[in-house]
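Thanks for coming, everyone. I have one structure to show today, and I'll keep it short.

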Amino acid sequence: MSFIPSMVLKQLYTFSSLKNIEQGVQFTIKNRLSDAELTELQGITIDGRAVPSNSIHLDLGDGTLLTPAQISAGKPIPFPLRKTLTVRVGIPALELGKHKIGIAFKSKPFGALKFEVEDAISEDTGHMVRIPRDANDDYGEAAIQARQRFVGEFTGTQFEHITKYSFDPHLTQGNVEHFTGVAQVPLGFAGPLTIHGEHAQGDFLIPLATTEGTLVASYNRGIKVVNLSGGVKVTVVADAMQRAPVFVFEDARAGRDFLRWVEAHMGTIREEAEGTSSVAKLQNIDPYLANKFVYLRFNYSTGDAAGQNMVGRATFAACSWIIDHYEGTIKHFYLESNFATDKKASQVNIMRTRGKRVTAEAIIKRNVLVENMRVEPENLAYHWGVANIGSFLSGANNNGLHSANAITAMFIATGQDVANVSESSAGVLYTEVTPEGDLYLSLTIPSLIVATFGGGTGLPTQRECLALLGCVGRGKINRLAEIVAGVALAGEISLASAISSSDWVSSHEQYGRNRNK
């Protein structure tokens, strides 16, 4: 028998499943814990009133209906992970709005369990226009073609390209809902780029998926200059992924006392968090107190996954244990307070790291700059200083030039969560002229969120792009982070040189969106 925090236990209930049916009322539960057996259904309450045992039936999903009397330790119901059971109760229809559902049962190996949740009866929405879906196989050709016809008829358009794809749509399950087709993005290559990293060493061709003219050419030009100067040195200096819950108290003193309790129980909190994953490791918790609020920024390492969902589950389990065991009064709790700044640029991530903190460095030879970019190191260093004032006056939280271009193009090509560009693109740029008259250039990306496992990295096109970088699978995430940072640095030197030498507009005229069509 093991302890299950109450907030985790409530996840057995499938929210929004409560509905009135002809025979009464029904809702569903789903095993989101681990393989188990249901050995006794002790009771169900709705709005505090016990439902008669003979009015309860469990639908096992295969046509079998059982009453509580038919379930026992001698005749248990298999309840494996991800199994769904439908509970039907023969009571009068419930009114629209919220209702409290209570369930008490026994299981093996968890023992006696009970929880109470709130769900709601909503108005019938059957009259609304809905995109077609198939509950049995929503990624099969029949469902996809039904959606294609629906979209075409609804919008009055005919598809020529959206419907053409080269992979099994079932591979996109977990990546997209209502799969209907593909959005094709042009893919170009820059490089090869010479990288001297701790994980990425050698020459790498860089896949860039973009619709912005001049982007690939610009990075190719920057890579040439970097390579002529001996390549780029890249170092991953920190690694952390966050979830930041907030606890609300009666006053600041109560919040301070709560934080002391949390700090005294860090060992158990860490065990609860790490018990949800074989990969996630809780490094520490950064506390921030303001007014009567306690913000706890949980910092994890997450292996080869980006880890946002992983750390969400881990923090949920840890906070559930906290709520069950803290003897003081917690007035409110929210799993995310916006302090993790997920998919938002922020100063806290620049200072404290989110994802990988990576620094790329290169010494660009004077003659290479002059001969290929028509600009001297002193001019670029001076330009950097002037641009720093512009960054300060604008209120920007970083002084990089355009690392978002490289990061977005590589994210699309390699199956990253593209929305993470919002925090990943922040760059801290530094330049100086060396005693030899060359240009030292350094770019720190403090919040680079990448993955080589999970998410979109397993999709066919994206996996091919990861493969050509040698970044498929586990143990390759730091390699990918180093490559991305190296490419971003090459882009900084290319754009800075173009602006300093007044080549910027002419390049767009030749290659990009300014050209006549």
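Which element gives the largest share of the lining of the largest cavity? The answer is α9, with four residues.

Before the rest, some ground rules. This is a predicted model, with residues numbered from 1 along each chain as its sequence is written. Local features need pLDDT of at least 70, side-chain atom pairs count only at pLDDT 80 or more, totals for chains, interfaces and linings use all residues, and side-chain values use heavy atoms, with hydrogens and water left out.

Back to the cavities. A cavity is a set of points, on a 1 Å grid over the protein atoms alone, where a 1.4 Å probe fits but cannot get out. A pocket is an open set with protein on both sides within 12 Å along at least five of seven lines. Lining residues have an atom within 4 Å of a point. Points are joined across faces, edges and corners, and a volume is the space filled by probe spheres set on them.

The structure holds five cavities of 30 Å³ or more. The largest cavity comes to about 130 Å³. Its lining includes His-383, Trp-384, Asn-399 and Glu-492. Two or more lining residues come from each of α9 (377–394), β19 (428–433) and α13 (477–500). Those elements are DSSP runs numbered from the N terminus: helices are H or I, at least four residues, and strands are E, at least two. By class, this lining has eight nonpolar, three polar and one charged residues. Here Ala, Val, Leu, Ile, Met, Phe, Trp, Tyr, Cys and Pro count as nonpolar, Asp, Glu, Lys and Arg as charged, and the others, Gly among them, as polar.

Now the second largest pocket. Its volume is about 750 Å³. It has 21 lining residues, and Val-8, Arg-32, Leu-33, Thr-276 and Arg-313 lie nearest its centre. The largest share, five residues, is from α6. The classes are nine nonpolar, seven polar and five charged.

Which domains does that pocket draw on, with at least three residues from each? Domain 1 (6–121) and domain 3 (245–334). Domain bounds come from an automatic or database domain assignment. Domain 2 is 187–239 + 346–512.

So how do domains 1 and 3 meet? Their C-alpha centres lie 30 Å apart. Four residues of domain 1 are in contact (heavy atoms within 4.5 Å) with seven residues of domain 3. The area buried between them is about 440 Å², and carbon and sulfur atoms give 68% of that. Ser-6, Met-7 and Val-8 supply 91% of what domain 1 buries against domain 3. Buried area is the accessible area (1.4 Å probe) that two parts lose on being put together, summed over both.

Salt bridges across this interface: zero. The rule asks for a side-chain nitrogen of Lys or Arg within 4 Å of a carboxyl oxygen of Asp or Glu. The whole structure has 17. One joins Asp-239 and Lys-356, at 3.3 Å, N to O. Asp-239 is in strand β13 and Lys-356 in strand β18, so this pair ties together parts 117 residues apart in sequence.

Last, some backbone points. Lys-108 to Pro-109 is a cis peptide bond, omega near 20°. Pro-109 sits in the loop between β9 and β10. Gly-191 to Pro-192 is also cis, omega near 5°, and Pro-192 is in strand β11. Thr-214 has a positive phi of about 80°, although it is not a glycine.
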